[in-house]
Amino acid sequence: MDATMLVGGTAVLLREGADGLETLLIRRPDRGSFAGAWVFPGGVVEDADVVPGESEERIAARAAARECAEEVGLRPADLHVLSCWVPPAEAPKRVRTWFFLGGAPEGDVLRLAPDEVIDAQWLTPSEAFRRHAAAEALLFPPTWVTLDWLAKRSTVDEALAAASVPELYETHLIGGGVFVWGGDAEHPEGGEGRHRIDTSVLPWVYARD
């Protein structure tokens, strides 16, 4: 992996609600990175997260837990790596970001960082998709694809068990709002099938075969 790229950690918190599995999404301010978008809590690795000799994955997990505590007042105690996202070359700020799953800490109340979070809600993937398709919520492809993965799970334990093998998403933009990943015939790494998302119109279409 590119050692010069910034590294980040994202916490995908889970809980079981009345309508099924829910995850915590936060809305960013209308400025800066992911302006106005609904994302999972997280951010870039800082010096305090780094322990010499540890793997990038463990350092990113520490960053994800710290950022989650700073942004919403919840610190996950046990995080399980789900995926690693490498942004396309066209991205204005390139951060290789590790996504981690964790159960929601019990009894804690959301406390939002006023400069970083303007709203936070526990949502089922289906409700997040409904809002996105209706142009009521802005999502980015890593969030969308992660929600699609979560939509196939019913409980926290099922989601954690399914995350046993982390997946690498090396993102490549082929134009027309289409992003492709490994296994897609148009990805630089090659492939024979489709692994892509078309973001040109709502609702987005994700294809993987």
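**Exercise 1. The nonpolar cores**

Task: Find which residues of the largest nonpolar core touch the most other members, and which helix or strand gives the most to this core.

Solution. 
Step 1. A nonpolar core is a set of buried Ala, Val, Leu, Ile, Met, Phe, Trp, Tyr and Cys residues joined through side-chain atoms within 4.5 Å. Buried means under 20% relative accessible area, exposed over 50%, and partly exposed in between, with a 1.4 Å probe and protein chains only.
Step 2. The largest nonpolar core has 29 residues, and those that touch the most other members are Leu-14, Leu-101, Trp-144, Val-145, Trp-181 and Ile-197.
Step 3. At least two residues of this core come from each of β1, β2, β5 (80–86), β6 (95–103), α2, α3 (141–150) and α4 (156–162). With five residues, α3 gives the most. Helices (H or I, at least four residues) and strands (E, at least two) are DSSP runs, numbered from the N terminus.
Step 4. There is also a second, separate core of 22 residues, which includes Leu-13, Val-72, Trp-98 and Phe-100.

The model is predicted: local features need pLDDT of at least 70, side-chain atom pairs count only at pLDDT 80 or more, and totals for chains, interfaces and linings use all residues. Residues are numbered from 1 along each chain as its sequence is written, and side-chain values use heavy atoms, with hydrogens and water left out.

**Exercise 2. The surroundings of Leu-14**

Task: List the residues in contact with Leu-14, leaving aside its neighbours within four places in sequence.

Solution. 
Step 1. Contact means heavy atoms within 4.5 Å.
Step 2. With those neighbours set aside, Leu-14 is in contact with Leu-21, Glu-22, Thr-23, Leu-101, Gly-102, Gly-103, Ala-104, Trp-122, Leu-150, Val-156 and Ala-159.
Step 3. Thr-23 in β2 is also the bridge partner of Leu-14.

**Exercise 3. The partners of β2**

Task: Which strands are joined to β2 by bridges, and how many bridges are there in each pair?

Solution. 
Step 1. Two strands pair if DSSP finds at least two bridges between them.
Step 2. Strand β1 (residues 6–17) runs antiparallel to β2 and is joined to β2 by four bridges. The two form a hairpin, with two residues between them.
Step 3. Strand β7 (residues 119–123) pairs with β2 over five bridges, in the antiparallel sense. Here Ile-26 has Ala-120 as its bridge partner.
Step 4. Strand β3 (residues 38–39) is antiparallel to β2, with two bridges. In β3, Val-39 is the bridge partner of Ile-26.
Step 5. As for cover, six of the eight residues of β2 (residues 20–27) are buried.

**Exercise 4. The open sheet and its loop**

Task: What is the strand order of the open sheet of four strands, and which are its edge strands?

Solution. 
Step 1. The order is β9-β10-β11-β12, with antiparallel pairing.
Step 2. The edge strands, β9 (172–175) and β12 (205–208), each pair on one side only.
Step 3. Strand β11 (residues 195–198) and β12 are joined by four bridges, and Asp-198 stands opposite Val-205 in β12.
Step 4. The loop between β11 and β12 contains Pro-203. The peptide bond joining Leu-202 and Pro-203 is cis, with omega about -5°.

**Exercise 5. The whole protein**

Task: How many helices and strands does the protein have, and what share of its residues counts as buried?

Solution. 
Step 1. The protein has four helices and 12 strands.
Step 2. Of its 209 residues, 47% count as buried.
Step 3. The C-alpha trace spans about 45 × 45 × 35 Å along its principal axes.
Step 4. Among contacts between residues at least 6 apart in sequence, 58% join residues at least 24 apart.
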